[in-house]
Amino acid sequence: MKKQNAMKTKQLRVLISIMVMSIGLVLSWNQAEAYTFEEENEVLHVIKRQNQAATRQVESQSELSIHDYEYSDQVQVTTMVYMALLWSPQPIVIPKPDVPGKQLVLDPSMPVMAPRSEQVLGTQKVTATGYTAGVESTGKGPKHPQYGITYSGVKVRRDKETVSTIAADPKLFPLGSILYIPGYGYGIVADTGSAIKGNKIDLYFPTTKQVYKEWGKKDVEVQVIKQGDGKCTEKMLDELSEAIDVYKSVPDSWLDKAV
């Protein structure tokens, strides 16, 4: 009896195992079918999307070609004009400096440029002092009829940006001589003085305060760029001042003409 029960139990186990395996196979096949179905749907979906994109592209190209056909001339002309304006080289105009000859050297202490080496007739070491038109320098007061009038007859002037009047020994620097004094600027010999003999020059300043503050007494090497002929006039001063104001130095054209 026990033996029969054991046989039945074994058979039942085998049967159950077969049923479980059968169910597993069925489930696996259904899942595979589901995967296959999903993959096919995905593929079909992708193909459908590609077909739709291709259709839209064809339609877009058709519309574009129609548009190009209708407006091709206008579009091409407009594009050519735009590209020509965009890529054509634009001329760059560089203004020519209004300075004759070579570039001049700017004295850092002055708003004018030093003369070029070829303009310099010679150099002279001198002792330079400062003077005014007042009693302390000339013995004349503001009410004197000759107050501020130089030996040449022109009125004293001080202009750092153009030219100033200076006093010198006419034997060394005749009236009308043009000098460049480093630290002072351009000066034209328009005056003389009893104490101004030999290698001495006197530089005009409006006030005694400026004489002491801006100059005092210095030994300098001046550059002679024009030898005077013994006269100096207001017209010469005005013309020279205008020329220096334009060129920031004495131009060759002014030096070449008769003074």
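**Nonpolar cores.** I began with the largest nonpolar core, which has 23 residues, and found that F173, I181, I201 and L203 touch the most other members. I took a nonpolar core to be a set of buried Ala, Val, Leu, Ile, Met, Phe, Trp, Tyr and Cys residues joined through side-chain atoms within 4.5 Å, where buried means under 20% relative accessible area, exposed over 50%, and partly exposed in between, with a 1.4 Å probe and protein chains only. Two or more residues of this core come from each of β3 (122-131), β4 (163-168), β5 (178-181), β7 (200-204), α3 (208-215) and β8 (217-226); helices (H or I, at least four residues) and strands (E, at least two) are DSSP runs, numbered from the N terminus. I also noted a second, separate core of 19 residues, with I178, A190, M236 and L255 among them.

**Basis of the entries.** The model is predicted, and I kept to its limits: local features need pLDDT of at least 70, side-chain atom pairs count only at pLDDT 80 or more, and totals for chains, interfaces and linings use all residues. Residues are numbered from 1 along each chain as its sequence is written, and side-chain values use heavy atoms, with hydrogens and water left out.

**Strand β7 and I201.** I looked up what I201 touches, leaving aside neighbours within four places in sequence, and the contacts (heavy atoms within 4.5 Å) include V126, A128, A167, F173, I181 and V222. Of the five residues of β7, four are buried. β7 pairs with β3 in the parallel sense over five bridges, and T129 stands opposite D202 of β7. With β4, β7 runs antiparallel and is joined by three bridges, I166 having L203 in β7 as its bridge partner; I counted strands as paired if DSSP finds at least two bridges between them.

**Aromatic cluster.** Which residues do ring pairs link into a cluster? I found Y184, F205 and W215 there, using rings of Phe, Tyr and Trp (its six-membered ring) with centres within 6.5 Å, where planes under 30 degrees apart count as stacked, over 60 as edge-to-face and the rest as tilted. Y184 and F205 are edge-to-face, at 5.5 Å centre to centre and 75° between the planes. Y184 lies in the loop between β5 and β6 (185-191) and F205 in the loop between β7 and α3, so this pair ties together parts that are 21 residues apart in sequence. The rings of Y184 and W215 are also edge-to-face, because their planes stand at 75° with centres 6.1 Å apart. I noted Y184 as buried at 0% relative accessible area, and W215 as buried at 6%.

**Salt bridges.** I found five salt bridges, each a side-chain nitrogen of Lys or Arg within 4 Å of a carboxyl oxygen of Asp or Glu. R116, buried at 7% relative accessibility, bridges to E118 with the closest N and O atoms 2.8 Å apart, and to D252 with the closest N and O atoms 2.5 Å apart. R116 is in the loop between β2 (113-114) and β3, while D252 is in helix α5 (residues 252-256), 136 residues apart.
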